[in-house]
Amino acid sequence: MNVKRKIDSGNRSYKESWESDYLIANNNGKLQCLVCMNVVSVPKEYNVRRHYTTMHEKKNATYTNESRRALVADLMKKLNQQTGMFSKILRSQSHSLHVSYAVSLELAKAKKPFTDASLIKKCAVEMAKAFEDSKMAEIFESVQLSHQTIQRRVVAMGELVENSMLSLVKKSLYFSLCLDKSTNQSDVSQLLIFVCTTFEDFTSKEELFDICPLYGTTKGKDVYEALKKTVDRIGGFNKCSAIATDGAPSMTGKKTGLVGLFRENGVTCPTIHCIIHQGALCGKSVKQDQVFQTVIKIINMIRGGNRSLLHRLLRQFLVETEAEYGNLLMYNHVRWLSAGKCMERFFSIRKEIPAFINKYVSSDTTELKEKFQDPEFLRQLAFITDLTNHLNSLNLSLQGRNQTVSDLVGIINGFWNKLNVSQFQQVINEFNTRFKDIESLKSSVLLYNNPLGASIEDQPPDSQLELCDLQADMFLITRQEKGPEFFKFLSKEKFPNLRGSIYKTNFIFLISAFHSTESTKPKCAVSFMADFVTEATFLVENGFQFKNKKIMLKIKILIADTLAKSFILNVKGHSGYYSCTKCCIEGEYHNNGVCFPPIVAKLRNDNDFQNYSDDEYHLGVVKKLFKLWTTDRLSVRLQNRNLCLISNRFLKHVSVFVPLEFQRKLRSLMVYKQWKATEFRQLHLYNGPVVLKDVVSIDVYNHFLSLHVAISILSSNELHLKLINYAEELLRHFVISFEVLYGIYNMSHNVYGLLHLADDVKYHGTLDQFSAFKFENFMQQLKNIIRKSDKLLQQISQR
């Protein structure tokens, strides 16, 4: 019978006294001899002593006291220099590889030849030499930027993007495609395939999926084969909800076109002509108008052909007469917005053009001069200019990301109503012809926008019975949510077809923005919020009219971060003694900060707030845990090797498996101060229990688990209804234990606020219902719009 020998783990740990006694140091978890640099495999004192006595005791026994400490310091310095040299080489190689990929990416984005990389490298070296930085010049020389290397880098990045896109589409519940054909500079036709994916949480993503070259003909059969080859890689057309095309005959042909081949091969998803493209084609009837043709004739007479002299004279003449514009625009029938911009510019300088023609044009222009004196011509000119501008506005409003079919149909219908008012019959006929296929989507759009008011008879048979149950459900008919937010309340088991229909059809959008006139942070919330309060109050009390129907507005919740909340409410900030917005707890001052005892005081109410009953009041927990684990007292502080172990788990065992739905991958724990909120959220809700296990103490780990489980319950659409009391108990346990583990002086505003979190969920729903995460993410879109610090609201409104 084999008996395993019990290992004495307590006797197998490194002791600092071994440095001076046996000249052994701890080098990244390994026991390394400072003299011969050998590694002692078993960390027991017997092994360490035996190595020293047999190898080095005779030569180093004479060193004692101060001389011994000097010897150890000298040997440690040599060890650090040696290990530092290797780590420096590794860092340099890593940076060189990163730069090589970065340059490759920029060249690919700019569509530049790969051979330009050598020129970039040469320029970088010359700049370093000009600044007399020889080391930097050597580093630049070491970067691999040959055209073969750039090609490999671009191919590798392309494969990574391709695999990511394939994985993204495969994970989606449904996807829709948009097809367009274009020709590159070498006259090779390219089939562009765009994809919009919809996921179970009702989020959607739009990306360019593939570019398929068509070297031969571009018939419907060629397009179908190229498309099928791409779609087969993601499982075929089973999950495809719709396909939009550019309307070319090879796409829309019912026999040999793409649509006909779809029907022939059993692809049943609907195909529609691109709404933006149809809107642009409707403007062609305007371009056939006699007034528009006259304008183009005048522009070509001045700027067309080899009339460079007339063009120069025109610009000089417009400057001398101080005209609104300094030049005329040429019309380009390929560009969708060209007609509107051309007509707008012409109409603005309509008074200067006859004078210029009379002065500089020698040919017979009597007929054109009479046109400018004809009131009917000028009236029609103004009308055509206004109409083309409206068509441009329509085109721009149809463009952009994150717009659903419901949004586009609403925009088209609004413009349709404007046309009926203008009674421009040619364009009306074009709209009636080109957008008749939108009528087939009407029932789906109505179901998406207002399922409670949708006609049951107009819906597919498999959804009618479910819609009957939905419109009779007493809970659902009281909900105020619309669109995807409403469908989140539907049970997967009870309403599978209705939930499926909404996946096929998908958001935060800006309705108003306010900006302070002060150069610094506003000092008075009343004056800063006055316009918003006035407008919101009016809308809540009176509603607004839309299509002859009065719609009432209800504000469910105002979401703000801690600083904005204290500013708007004009109350103490998070560092104040009475800063809790839920109860009247009084903070205590410890270790240069305000902290709160883990007890719930008298709750605040609206009457107390309005009457200023508390004069002292009016005027991220996970990150805090990380801070305490790295800097607080020894009972909870992690050793450096444990911090490295957690970081290693982040980078090697977690980040490589993080799916695309997460915006960021976890970085090293050493840089947690630079982490974004989404990284803390990911660690808190998903990865924390795995990476912290067997690293932190059992008390700290169980304490973290109580927060993890509680927040997971409060974030779940199903569990928060059943287990909210249990989650509340877990949060209370977390806050009370927090004081025991980390001390009263660390009980900050954020930690104490967890006691009231369950009450907020009872009132508002799951945490995502009143979380600021999605609004913070949307801020990135607004930041991308803003190019300078001046006229912020104008930039947001016009871009």
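Modeller: Here's a walk through the salt bridges, pair by pair. Keep in mind that this is a predicted model, where local features need pLDDT of at least 70, side-chain atom pairs count only at pLDDT 80 or more, and totals for chains, interfaces and linings use all residues. Residues are numbered from 1 along each chain as its sequence is written, and side-chain values use heavy atoms, with hydrogens and water left out.

There are six salt bridges in the structure, each meaning a side-chain nitrogen of Lys or Arg within 4 Å of a carboxyl oxygen of Asp or Glu. One of them pairs E162 with R233, with 2.1 Å between the closest N and O atoms. E162 sits in helix α7 (residues 147–171) and R233 in the loop between α8 (220–231) and β7 (240–245), so this pair ties together parts 71 residues apart in sequence; helices (H or I, at least four residues) and strands (E, at least two) are DSSP runs, numbered from the N terminus. E162 is partly exposed at 36% relative accessibility, and R233 is too, at 33%; that label covers what falls between buried (under 20% relative accessible area) and exposed (over 50%), using a 1.4 Å probe and protein chains only.

D232 bridges to K228, the closest N and O atoms being 3.0 Å apart. D232 is partly exposed at 39%, as is K228 at 34%.

Then there's E376 with R379, at 2.6 Å from N to O. Both lie in helix α18 (residues 375–398), three residues apart, or about one turn of the helix. As for networks, salt bridges that share partners join E162, D210 and R233 into one.
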